[in-house]
Amino acid sequence: MKLMVTGGAGFIGSAVVRLAVARGHEVVNVDKLTYAACLDNVASVAGSKLYTFEQADICDRAAMDRILALHQPDAIMHLAAESHVDRSIDGPGTFIETNITGTYTLLEAARAYWTQAGKPESFRFHHISTDEVYGTLGETGLFTEDTAYAPNSPYSASKAASDHLVRAWHETYGLPVVMTNCSNNYGPYHFPEKLIPVVILNALAGKPIPVYGQGENVRDWLYVEDHADALLLVCEKGIVGRSYNVGGTNERRNIDLVRTICALLDDRRPAGAPHDRLIRFVTDRPGHDMRYAIDASRIRDELGWQPSVTVEEGLAKTVDWYLENEDWWRALQAREGVGQRLGQKT
Ligand SMILES: NC(=O)c1ccc[n+]([C@@H]2O[C@H](COP(=O)([O-])OP(=O)(O)OC[C@H]3O[C@@H](n4cnc5c(N)ncnc54)[C@H](O)[C@@H]3O)[C@@H](O)[C@H]2O)c1
């Protein structure tokens, strides 16, 4: 397939780009290169004949039209987004712009391109979204694809809006879409403002490890390369108009996750042990969802997907990757806002 991947210089998008090229797909990576992007994430494929990069904003209709006409993709995998909840609390405007207006602009460009090509049934617009659109769970229960949307943060509300647009473009215009909603990802190339890299890097530096509230919030963690595998599967084999929840069936309380990472570092960097002495409970995030958990039975039963690693295996691989890739994360720590407490301006 020839894939247009938006947001391919980000965390998950770059995992999709690397895996797609490794599997022999042609990829055009379309990315604006915001603060969250890093072209080093795709350096391993940059020299491949299968790979092209286009720096462009998904809100720029003329740029999207030009890129579609030039590269003639068989499918668009749409991952470009503003993705950090804390930043959405401080500045929701860019989330509305990119996640809603950008998705609308891309849908319209895709519709024009698909219509001009004679509306091929094989075309796919794959929208990548989050389980955060469903809001929060109590102590029990799981999000299914039929769970009502109840987003609680500006980030999740903007993603929910984009999901509705994609669904409507299928129902109204017949655009062949597939959709996925995934739980929290982690793994190599995770931007150093997100929880898991913050824990690893602060622990290594001997700095306090901030844990929001009492660390009771529960997330369902998925290794990013397993997510990329699920996304390529849905893009190729998913039923048009259908959405698929993707999750690791790896629920952990944040505090337990943080202690697991500290134990991995105790093993690998005994001089700093015990790293969990650095844990500090800090003021909670406003509107912080208590629990997310995914029922991934649809993608498992219909498409045969399952994650390849447990959270313990994936965390060990992730910690080792950060220990081996200091140049990568040191450069990103200098970016605006990284290392600061964000998301308290209410
Ligand atoms: N990180 C997670 O745990 C998670 C879980 C489920 C779903 N998702 C979704 O997956 C997608 C990717 O998430 P991520 O964590 O890799 O995000 P990220 O922030 O690491 O990367 C986003 C990428 O999009 C690019 N981008 C932002 N605005 C753009 C614009 N206007 N035009 C073109 N490019 C733009 C950025 O430059 C960056 O490279 C997002 O849609 C997110 O909502 C993320």
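The structure is a predicted model, in which local features need pLDDT of at least 70 and side-chain atom pairs count only at pLDDT 80 or more, whereas totals for chains, interfaces and linings use all residues. Residues are numbered from 1 along each chain as its sequence is written, and side-chain values use heavy atoms, with hydrogens and water left out.

The ligand is surrounded by 29 residues, of which the closest are Ile12, Asp31, Ser83, Tyr155 and Lys159; a residue is near the ligand if one of its heavy atoms lies within 4 Å of it. Polar contacts are pairs of N or O atoms within 3.5 Å; within protein, one atom must be able to donate a hydrogen and the other to accept it, and residues adjacent in sequence count only if both atoms are side-chain atoms. A polar side-chain atom of Asp31 is placed 2.6 Å from a ligand oxygen atom, and an N or O atom in the side chain of Lys159 is 2.7 Å from an oxygen atom of the ligand. The backbone also takes part, with a polar backbone atom of Gly10 at 3.0 Å from an oxygen atom of the ligand. Taken alone, the ligand exposes 840 Å², and the protein buries 96% of that area; accessible areas come from the Shrake-Rupley method with a 1.4 Å probe, and for residues only the protein chains shown count as cover. Two or more residues of the shell are given by each of helix H1 (11-22), strand S5 (124-130) and helix H5 (154-173).

The secondary structure of the protein chain amounts to eleven helices and 13 strands, where helices (H or I, at least four residues) and strands (E, at least two) are DSSP runs numbered from the N terminus. Along the principal axes, the C-alpha atoms fill a box of roughly 65 × 45 × 40 Å. Of the 346 residues, 55% are buried, buried being under 20% relative accessible area, exposed over 50% and partly exposed in between (1.4 Å probe, protein chains only). The protein chain exposes about 14,200 Å², of which carbon and sulfur atoms supply 49%. Among contacts (heavy atoms within 4.5 Å) between residues at least 6 apart in sequence, 81% join residues at least 24 apart.

Several side chains were examined individually. Asn245 lies in strand S11 and counts as buried because its relative accessibility is 0%. The side chain of Asn245 forms a polar contact of 2.9 Å with the side chain of Tyr134, and a polar atom of the Asn245 side chain lies 3.4 Å from the backbone oxygen of Thr144. Beyond its neighbours within four places in sequence, Asn245 is in contact with residues including Phe143, Asn181 and Ile299. Glu108, in helix H4, is likewise counted as buried, at 16% relative accessibility. A polar contact of 2.9 Å links the side chains of Glu108 and Arg111; with neighbours within four places set aside, Glu108 is in contact with Arg61 and Trp169. Glu326, in helix H11 (residues 326-333), is partly exposed at 36% relative accessible area. The side chains of Glu326 and Arg330 are joined by a polar contact of 2.7 Å.

Backbone geometry was also considered. Most residues other than glycine have a negative phi, and most peptide bonds are trans. Lys119, in the loop between helix H4 (93-116) and S5, has a positive phi near 55° and is partly exposed at 44% relative accessibility. Thr249 has a positive phi of about 50°; this residue lies in the loop between strand S11 (243-246) and strand S12 (251-253) and is exposed, with a relative accessible area of 64%. A cis peptide bond, with omega of about -5°, joins Ala273 and Pro274, and Pro274 is found in the loop between helix H8 (254-268) and strand S13 (279-282).
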